[in-house]
Amino acid sequence: MSDITLSLAQIVGEQYVSNKAEETYFYARDPGLMPAHKPDYVVVPKTVEEVQKIVRLANKERIPIVPMGAGMSLTGLVIPLKGGIVIDMKRMNKVLEVHEKARYVIVEGGTSHGLLKAYLEKNYPRLRHSVPDSPATSTIAANVMIHGQGRLTQQYGFNSDMVAGLEVVLPSGELCKIGSCSLSPEWFSKGAPLPDLSGLFLGWFGATGIITKVALKLYPRKKMRDVEIFVTDTEDLVPDMVYELTHTEMVEDINIFAQPLPVIFKDNHHITLFITGDTDEELEFKRKMIWDSLDGFIKSKDGGFMSLPPVMKPTLLEMPQQSVSRFADVRKGGGFEYSGPIIAVEKYPECSRKIMELASQYDLAYSAMARIIGRSHCMMFGFAFTFNRADPDMMERTRKALQKVAEFALAAGGVYWKPTVDEQRMAIERMDPNTRNLMKMIKTNLDPQGIMNPGNWEVH
Amino acid sequence: MKYQDIIHRCFRCGYCKFTSDYYDFNCPSYRKFGFETYAPGGRMWLIQAWLNGEIKNSERFQEILFSCATCANCVEHCVFTFSDDLVNIFIAAREEMVNKGIIPPPVRDYLKNINTSGNPYKEPANERGKWADSTSIPAYDGHEYLFYIGCVGSYDERAKKIARTVGNVLIKARVSLGILSDRETCDGNEVRSLGEIGLFQFLAEQNITLFKELRVRKIITLDPHAFNTFTQDYPILGGEFEIYHYTQVLAPLIQSKKLSLRDYPAKITFHDPCYLGRHNGEYEAPRKILESIPGVSLIEMDQTRENALCCGGGGGNFFTDILGGGEDSPNRIRVRQALDSGAQIIAVACPQCAKMLEDAVKAEEVGHKIEVLDVAEIVARALA
C-alpha cells in the first residue's frame, strides 16, 4: 500500500479507499462524451471531518481533489483531468434538519434528490423542493454547484437560487459557513442581509471548495397536480405564448419539447404546463386562466391543447421524469449528451431550427427540451442527441454536433450551462476582462496550490 | 459472452440502486462497499471494459462480480427495456470467469463441494435425510407432493429445525407429502447463479430424471431458491412439475381453517425473500398466513415487497461470504429496518434469510428486542 493510500485509509478506513484498476477505470469517465482521465485514488468518506482531513492531506502532498456527487452532468465536470483523489460524497446522505415553518431543510453534501423527495413526502407532506429531471441519484450539492434547474424553476429561478446556506470545506481544509448560519443557528439565507459569499462556491464545480452541507428552501406542496400540453407548429410564436403563460403566474413549471418521433410529434412544439392546487376549484381556476391566456392563439389556429393519451400523463407527472434517462437508449446504445445553454426565450425559434439542422447534418436522433427559468427571464435550451456507445462514428458525429451548438450558443447571446472544459475556455476568452481577472483573483486566493478540481474554471 | 449486445447500453443513471420511491439505496453490495463499481451500473461498465481488454480479471473484479446477491432489485428498478436481463448479464459474466477458471477461492470450493458431495458442506449423502429422523415425515412414495428440502435445510442446524417445523405443520394439516432423504441432491440454483452452467445442467437433469422415475407431479419446496430454479430453469430442461413454495400450500389451508390456531399476540414484520418475491412475484402467501393468526399485528417495513432489501445471502453469498459482514452489510441494515418498524419478530420464509438475519441480530446485539422466526415456526407456536 502506498503512503498516500495508507494515509487515506487512516482517514476513511481501508474499505473506503481504492487505487484499484476497477475504480480508476470507472471514476475516470462519466456517461457523456468527454475523454476519460484516471484518478490516482477514489475515496468514499462518511463525515465532514474525514473530508477536511482528505483536503489537508491533498494540500500537504499537492494532490488534486475532485468532489463528486452522482457524476451526471454528462459534461465531464468530475473527470479528474489531472488525476489525484476523487471524493465520492454519496455516503454523506442524511437529511439533518427540516424547519417546517421556515420551509427549509439542511442536508449532507452527498444527499440525493431522490432521497430528499421521498423523505419530505413521508414526513412533511406539505413541503417540497425543486426536483430536477436528472436521475434521482443526482445529489443536491452537485446540482446547486452546477446551477441546476428543477420543477420549481419557473417560479423561483435556478435551484442554486433556492440555497439557504452552505457549509464548505475550503481548499485549506478549514470549515466555513456561508449565509445566516455563519452567525445564527438559523439557515434561512445564503447571503442577504450579509455579503453573499455563496457565489464563491456555487457554479465553480468544486474548484473553490467542497460543499458538505446545504440548506435548501422548501415550498408548499399542493395536494393535486396536473399537466396540460399546448401544441403549436410555429416555433416563432413560442416566446409570445410563454410570455402570456408566465403573465398568469398560475403555472408550476413550463417545459417545451420538440422531437421527430413518434411521427405525430414531428414539427410540433409541445409547451408542457404543470399546475397544482389544493382543491378542484383551485386547479380549475388555474386551468381557466391558462386557457384564457392562450385563447388568441387557439382562435388564430396557431395552436391548441393536446388531448393526452392515458399512458403519457403519469410519465409527465413523474418527478424526476425517468423518460429523460430513457432517451439514452433510443438508439439502443445507452448514450446521450446535451448542451444546454442558458439563453433568452426569444431565441427559442433559432435554437429550435439549429437542432434540426444539426441533427440532419450529422444524422443524429435528437430531442429539443427547453425549461423556462423565472417568469420568462431566460430558458435552458437542451440540444440533446442520443448515440450508441458501440458506434464510435456516431459518437464522433455527436461530438461535432455539440461543438457546433457551443459556437452557436455563444453567438446567439447564450451562456453555457455546466460547460465542458473547452466551453469554459471559450467562455473565459469571451468574458469581460475585468470579470475574468476577478475570477482569477478569487481562484488564486482561495486555492493557491491549484488542487481543487484543476482544469475547471482556470484563468490563465 | 451472452448478452454482449446489451452491455454497452447501460447509461449508469443509478435508478437500479434505489427503492421505487428513492427512499434509500437498495443494492446490497453498493450498500456494503460504497463504490459505484459495486452497483449494477458499475458492473455493467466494468464487464464491458473487461470484454474490451481495458481491465483484467483481478481479485477486485471477482469481488465486484461475485458480491452481487442476484437479488433483482436492479431488475425491478432499472428504467431501460433490457432491465429483465441485468442479473442474467452478471451471471453470464460469472460464467465466462468460471469457464476460464479464474474465480474467487470460496466460489471454487463451493462448486467443487457440490460436484463431489452433492452439497456445499462436504457431508455424506446418506446423512441428507437425518433432519427428519425425529419426525413422522415419510419417505416419498407416490404421495401427492414431493417435499424438497435443499442443501441448507438438509444440513444446516438452524435450517434443519425450520425444515422439521414446516414438515410437521404440513403433516398436521393432512398434506400428503414425502421426502427423498438421501436420494435428494442439490437443486443447483446457486450453482447456476455462480456461473457453473455445466454443473447446473447436470444437477438439474439428474433431479428431473429422478422426479420422473418417481412419477412426481407436484413439489413443495422449503427454500425459495429451489422454488426459483424449479419454476424458472427446470422447464427449459424438460422438467415440468407443479411447483409450490410451502407458504403457497399452507396459506389456503390456514385460511380455510384446516389448522386451528390460538391467539398469538405479537408485532411481526415479514422480510420478503428475493427468490420468492422479486424473482417470482409471490408476496401474498406468507402475509396471508401471518394475517390469519389471531393476535398477530403484521407491520410492514418501509422497504418491503419489491423494495425489500436483500439479506445478502443470495447469488451464492450465503456460502461464499464475499459480500461479507460489518455495520454496512445488508443483513445488519435489514435488522435495523425491522427494528425501526417496531416489530418484535422478523418473519422469514427462507432458511438462508433466517440464518443471515439471525447472525445480524447477534452482531447488532439486539436479541433482547427482536427475534427471527420462519413463518412456519410462528404457525407452530400458534397451533392449538
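This tour moves through the structure one selection at a time, beginning with chain B.

The model is predicted, so local features require pLDDT of at least 70 and side-chain atom pairs count only at pLDDT 80 or more, while totals for chains, interfaces and linings use all residues. Residues are numbered from 1 along each chain as its sequence is written, and chains are lettered from A in the order in which they are written.

**Select chain B.** Chain B holds 18 helices and eight strands; these are DSSP runs (H or I of at least four residues for helices, E of at least two for strands), numbered from the N terminus. Its C-alpha atoms fill a box of roughly 65 × 50 × 35 Å along the principal axes.

**Select the domains of chain B.** Colour domain 1 (4-103), domain 2 (107-250) and domain 3 (259-382) separately; the bounds come from an automatic or database domain assignment. Eight residues of domain 1 of chain B are in contact with seven residues of domain 2 of chain B, where contact denotes C-beta atoms, placed from the backbone, within 7 Å. On the domain 1 side, helix α6 (residues 86-100) of chain B gives the most, with five residues.

**Select residues 375-382 of chain B.** Is helix α18 of chain B largely enclosed or open? Six of its eight residues are buried, so helix α18 of chain B is largely enclosed by the rest of the structure. A residue is buried if 20 or more other C-beta atoms, placed from the backbone, lie within 10 Å of its own, exposed if 12 or fewer, and partly exposed in between. Among the buried residues of α18(B) are B:V375, B:I378 and B:A382. The elements against which the buried residues of α18(B) pack include α9 (157-172), β5 (266-270) and β8 (371-374) of chain B.

**Select B:L357.** Leaving aside residues up to four places away in sequence, B:L357 touches residues including B:H271, B:C311, B:V335 and B:V372.

**Select both chains.** At the interface, 31 residues of chain A are in contact with 32 residues of chain B. On the chain A side, α2 (21-26), α4 (113-123) and α11 (322-326) each supply at least two residues. Of the elements of chain A, α2(A) gives the most to this side, with five residues.

Definitions and conventions
Two residues are in contact if their C-beta atoms, placed from the backbone, lie within 7 Å.
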